Amino acid sequence: MSNHDFMSSDDIRHEFSMAMSAMYQEEVPLYGNLIDLVSEVNAEVLTTHPDTKTQLLHTGEIERLSMERHGAIRLGTATELSMMRRLFAVMGMYPVGYYDLAPAGVPVHSTAFRTLDPHSSHKSPFRVFTSLLRLDLIGDEALEREATATLQKRRIFTDEVIGLIERFEMQDGLIPEDAQCFIKEALQTFRWHDKTPVTKELYQRLLHQHPLIADVVGFKGPHINHLTPRTLDIDAAQQKMQAGGIPSKAIIEGPPRRACPILLRQTSFKALEEAVSFKTANIGDLDECCDGYEQGFHTARFGEIEQRGVALTPKGRALYDQLLNEARNQLGITPNEDNASQYYQILDETFSKFPDNYQALHDTDLAYFYYQLTDNIHDSCKDRALLAAAFDKVDLNAVSRAEISKLIDDGVIRIEPIVYEDFLPVSAAGIFQSNLNQSKNNSYDNASNQQEFEKALGSKVYDELKLYEEIQAQSLKKCLAGCS
Ligand code: OOG
Ligand code: NI
């Protein structure tokens, strides 16, 4: 079988994300309203802000906007996580970044399965924030044993999907017919199940320990808990949510509104209270027909929207973290409905120390950019010589900022922001917490454990900063190729 008999991973991911979106719209109709609202806002921004439109045309993001969304799932065991890694690989999605949520009081650590290069991301930017439960953090050995035993019994992947993952790995691809079957079978894993495999009594004990433990251990599978579309103006989208009777959080998490957006700003509507049926006895473990059920409720699934900005360098990220902490300390309490306008004002003032134009962000090495040749290159021999001299250096890092800035000033090269493709769950811990029905803000103090996570995953995670750096360097190389 040759490569062109196979359906490309980009196409499989695209079709899968569309199927996932349709399923979630059916499960959580409010999500459908969010999608409509976000596409209205985006259409408005593209008409009223031609500069934003040009920028998105230059970076190639314009075509992906309407299909851009991320999801989130929570897994219970190492076996589930490693199979999930293999499942996402079929769709060209790989683990990027390590997130330790323990300091935010959430007993999980996580990664994001996503594409690695802009070309693939532009074809389908779908990604999934994936958490692994850390029962070792809860400090209740009896409950830990009971939870582990419960998790060990569940099968979150269908036999068919496992067979197709193995076939993909053997052949290095799937023919379209198999790929369609894969999409259908893979979707089953993310479905909502309203019949729980645990009794209400066990669920209550898990809930009492931590709502997230109940959300993982209390269910048959890792239901997708939100799907987040990308908006070009989150303030406008938030206002529309409120005007449309969708009760959103009062605070937009992340950096303040800026002319040049950085990283990620997010807001959400609160988790829905959903009816579930709890098993009344454990006798029918293997035979559902014999189980009795009693009614109850669970809150897990919610709606979120986000606005993405330029990816920051380590120096930019450190400045962001520092300013966000300053703002929060100045406010003194957790930002909420009652102090929202005061918080925004403090945030604006604090972030005045963060340059707000792309040129300055570039020149001070705070953010990552694509370098692109402008149409002027062919007019200027002098600049061409300058460019060639700059690129003659074997080590691209040796090309100085000043040399590049000169070419930008001369209009030979332009810079365009590389969009942040990752997450900020700790600095935006509000998203996790506000949807867990949990107000207490405790934190687990065990050290973060990337090695354990990677052992469970069965591979290392990619370093997101290296990926942005490479994209930036590649774009510089491409400029050279274009001008020689
Ligand atoms: C994931 C929360 C993280 C985001 O956008 O930061 C996330 C979860 O609630 O499982 O999705
Ligand atoms: Ni999210």
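**Ligand 1 and its surroundings in the predicted model**

An oxygen atom of ligand 1 is placed 2.7 Å from an N or O atom in the side chain of Arg74. Taken alone, ligand 1 exposes 320 Å², and the protein buries 99% of that area. The model from which these values were computed is a predicted one. Two further polar side chains approach the ligand through its oxygen atoms: a polar side-chain atom of His226 lies 2.9 Å from an oxygen atom of ligand 1, and a polar side-chain atom of Asn225 lies 3.2 Å from an oxygen atom of ligand 1. Ten residues surround ligand 1, and the closest are His70, Arg74, Asn225, His226 and Gln266. Strand S1, which spans residues 69-75, makes the largest contribution to this shell, giving three residues.

Helix H11, formed by residues 234-243, has Ile234, Asp235, Ala237, Gln238 and Met241 as buried residues. These residues lie on the same side of H11, because the arc that they cover around the axis is only 160°. In an α-helix, residues three or four places apart point the same way, because there are 3.6 residues a turn. On the other side of H11, Gln239 and Ala243 are exposed. The cover over the buried residues of H11 includes helix H2 (29-48), together with strand S7 (264-269) and strand S10 (303-308). At the N-terminal end, H11 is capped by Asp233, of which a side-chain oxygen lies 3.2 Å from the backbone nitrogen of Asp235; Asp235 is itself one of the buried residues of the helix. Just after H11, Gly245 takes a positive phi of about 75°.

A contrasting setting is provided by Ile333, which lies in the loop between helix H12 (314-331) and helix H13 (340-350). Ile333 counts as exposed because its relative accessibility is 53%, the cut-off for this class being over 50%. When residues up to four places away in sequence are not counted, Ile333 touches Arg328 and Asn339. The C-alpha atom of Ile333 is separated by 9.7 Å from that of Tyr343, which is ten residues apart from Ile333 along the chain.

With regard to cysteines, the structure holds zero disulfides. Cys260 counts as buried because its relative accessible area is 7%, and Cys479 likewise counts as buried, with a relative accessible area of 2%.

Terms used: Residues are numbered from 1 along each chain as its sequence is written. Chains are lettered from A and ligands numbered from 1 in the order in which they are written. This is a predicted model: local features need pLDDT of at least 70, side-chain atom pairs count only at pLDDT 80 or more; totals for chains, interfaces and linings use all residues. Side-chain values use heavy atoms; hydrogens and water are left out. Buried means under 20% relative accessible area, exposed over 50%, partly exposed in between (1.4 Å probe, protein chains only). Helices (H or I, at least four residues) and strands (E, at least two) are DSSP runs, numbered from the N terminus. The arc is that of the directions from the helix axis to the C-beta atoms. Contact means heavy atoms within 4.5 Å. A polar contact is a pair of N or O atoms within 3.5 Å; within protein, one must be able to donate a hydrogen and the other to accept it, and residues adjacent in sequence count only if both atoms are side-chain atoms. A disulfide is a pair of cysteine sulfur atoms within 2.5 Å. A residue is near a molecule or strand if one of its heavy atoms lies within 4 Å of it. Accessible areas come from the Shrake-Rupley method with a 1.4 Å probe; for residues, only the protein chains shown count as cover.
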